[in-house]
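Q: I have just opened this entry and would like to go through it step by step. Could you help me read it?

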Amino acid sequence: MSGTELEEPGQIKRAVIDASAGAVAGAISRMVTSPLDVIKIRFQVQLEPTVSWALTKNESPVKPKYNGLFRTAKEIFREEGLSGFWRGNVPALLMVVPYTSIQFAVLHKVKSFAAGSSKAENHAQLSPYLSYISGALAGCAATVGSYPFDLLRTVLASQGEPKVYPNMRSAFMSIVQTRGIKGLYAGLSPTLIEIIPYAGLQFGTYDTFKRWSMVYNQRHRSSSSGSDNQNNSLSSFQLFLCGLAAGTISKLVCHPLDVVKKRFQVEGLQRDPKYGARVEINAYKNMFDALGQILRTEGWHGLYKGIVPSTIKAAPAGAVTFVAYELASDWFETNLT
């Protein structure tokens, strides 16, 4: 029997562990950060300014529905109740579970190929460049596999009250009837262009911070014990900090493309006039046209609408995802037979 045949069961088990741990991590992270995500989406699809200093420079007589993080949170709670902060959470979970499952499974497979080994300790020795590339490839695969749920989540989270679509099924049927199957993939191009640097930065930065922390632990424990202590494992708090930094950095760099993606996703969405101007169907020819139009009509601020709740969300989301993944992965590896 060949070595490859012997390794196959172990590879299948590893893939199941990575997918399961990724699903658990994604679901937990999504539930925790949903309120900030809803606020971020409301900002991103609003054509009017979302902060006071931008309002003073805008000549539009239309008063924006949402202005400022705390005011927006208060407005959503007043009109929609506590459940409004979890609007679109069902398709969000249906999106994030396969997304993180695919992402972590592909990430481990690519890292195993690059390192020539499936062992985590060998993955830790990969160069930062390979970590970035692995993260980018994993992010692309996960995006394509779960994108329709991402679009449905955005549509449901952005509609406000009164609801245009009472549930995910009605939103799905309306989009397919008016825009065809391709409507479920509106905004996929800027999403893929965004996810390459975003996922690459997220996983590459996370691995880099983990590597630095392990070196720090080894030096600190060696100096404390007076011997060359090889135990450089990271605590849950250190993993949390690494994920926090990775989530923040990647989100700050890639936010403008996320705004463009959201605009494509809500093209033609019917909403109550109190929410301001809507994004008309075919408002943007392509990603570059969207960037140019937003820049001309809304200024630089337009490309960073929702950056505050997005960054506040990205930091704990990244931290919770990575910590939950590491803990769930260890649990599955110990208990999965």
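Q: Good. With that term in hand, which residues does Ala314 touch, leaving out those up to four places away in sequence?
A: Ala314 touches Gly247 and Lys251.

Q: And where does Ala314 lie?
A: Ala314 lies in helix 11, which covers residues 307-335.

Q: Is Ala314 buried or exposed?
A: Ala314 has a relative accessible area of 5%. The cut-off for buried is under 20%, so Ala314 is buried.

Q: How far is Ala314 from Ser29?
A: Their C-alpha atoms are separated by 9.9 Å, although Ala314 and Ser29 are 285 residues apart along the chain.

Q: Let me step back. How many helices and strands does the protein have?
A: The protein has 11 helices and 0 strands. Along the sequence, the pattern reads α-α-α-α-α-α-α-α-α-α-α.

Q: What share of the residues is buried?
A: Of the 337 residues, 50% count as buried.

Q: And what about contacts between residues that are at least 24 apart?
A: Taking the contacts between residues at least 6 apart in sequence, 76% join residues at least 24 apart.

Q: How confident is the prediction, then? What is the mean pLDDT?
A: The mean pLDDT of the protein is 79, and 86% of the residues reach 70 or more.

Q: Where is confidence lowest, and where is it highest?
A: Confidence is lowest in helix 2 (residues 52-55), with a mean of 54, and highest in helix 3 (residues 69-80), at 90.

Q: Now the helix packing. At what angle do helix 4 and helix 6 cross?
A: The axes of helix 4 (residues 89-115) and helix 6 (residues 128-158) cross at roughly 170° and come within 8 Å. An angle over 145 degrees counts as roughly antiparallel, and helix 4 and helix 6 are therefore roughly antiparallel to each other.

Q: What is the hand of that crossing of helix 4 and helix 6?
A: Helix 4 passes helix 6 in a right-handed crossing. By class, their contact has 19 nonpolar, 7 polar and 3 charged residues.

Q: How does helix 6 pack with helix 7?
A: Helix 6 and helix 7 (residues 168-179) pack at about 110°, and their axes are 10 Å apart. That makes helix 6 roughly perpendicular to helix 7.

Q: Which residues meet there, between helix 6 and helix 7?
A: From helix 6, Phe149, Leu151, Leu152, Val155 and Leu156 meet Met168, Ala171, Phe172 and Ile175 of helix 7. The contact of helix 6 with helix 7 has 9 nonpolar residues, no polar and no charged ones.

Q: Helix 9 and helix 10 next: what is their angle?
A: Helix 9 and helix 10 pack at about 115°, with axes 10 Å apart. Helix 9 is thus roughly perpendicular to helix 10, and the crossing is right-handed.

Q: Which residues of helix 9 and helix 10 meet?
A: Among them are His255, Pro256 and Arg263 in helix 9, and Met287, Glu298 and Leu303 in helix 10. By class, this contact of helix 9 with helix 10 divides into 10 nonpolar, 2 polar and 2 charged residues.

Q: Anything in the loop between helix 9 and helix 10? What is phi for Asn282?
A: Asn282 lies in that loop, and phi of Asn282 is near 60°, a positive value in a residue other than glycine. Most residues other than glycine have a negative phi. At 63% relative accessibility, Asn282 counts as exposed.

Q: Back to helix 9. What does Gln265 contact?
A: Gln265 is in helix 9 (residues 236-265). Apart from neighbours within four places in sequence, Gln265 is in contact with Tyr147, Asp150, Leu151, Thr154, Val155, Arg179 and Ala186. Gln265 is buried, at a relative accessible area of 1%.

Q: Last one: where is Thr33, and what is Thr33 in contact with?
A: Thr33 is in helix 1 (residues 3-44). Leaving aside neighbours within four places in sequence, Thr33 is in contact with Lys313 and Ala317. Thr33 is buried, with a relative accessible area of 3%.

Note on methods
Residues numbered from 1 in each chain as written. Predicted model: local features only at pLDDT ≥ 70, side-chain atom pairs only at ≥ 80, totals over all residues. Heavy atoms only, no water. Axes fitted to C-alpha atoms, helices over the stretch in contact; angles between N-to-C directions. Helix = DSSP H or I, 4+ residues; strand = E, 2+ residues; numbered from the N terminus. Parallel < 35°, antiparallel > 145°, perpendicular 65-115°, else oblique. Left-handed = near helix turned anticlockwise from the far one by under 90°. Nonpolar A, V, L, I, M, F, W, Y, C, P; charged D, E, K, R; others polar. pLDDT = per-residue confidence, 0-100. Buried < 20%, exposed > 50% of the residue type's maximum accessible area, 1.4 Å probe, protein only. Contact = heavy atoms within 4.5 Å.
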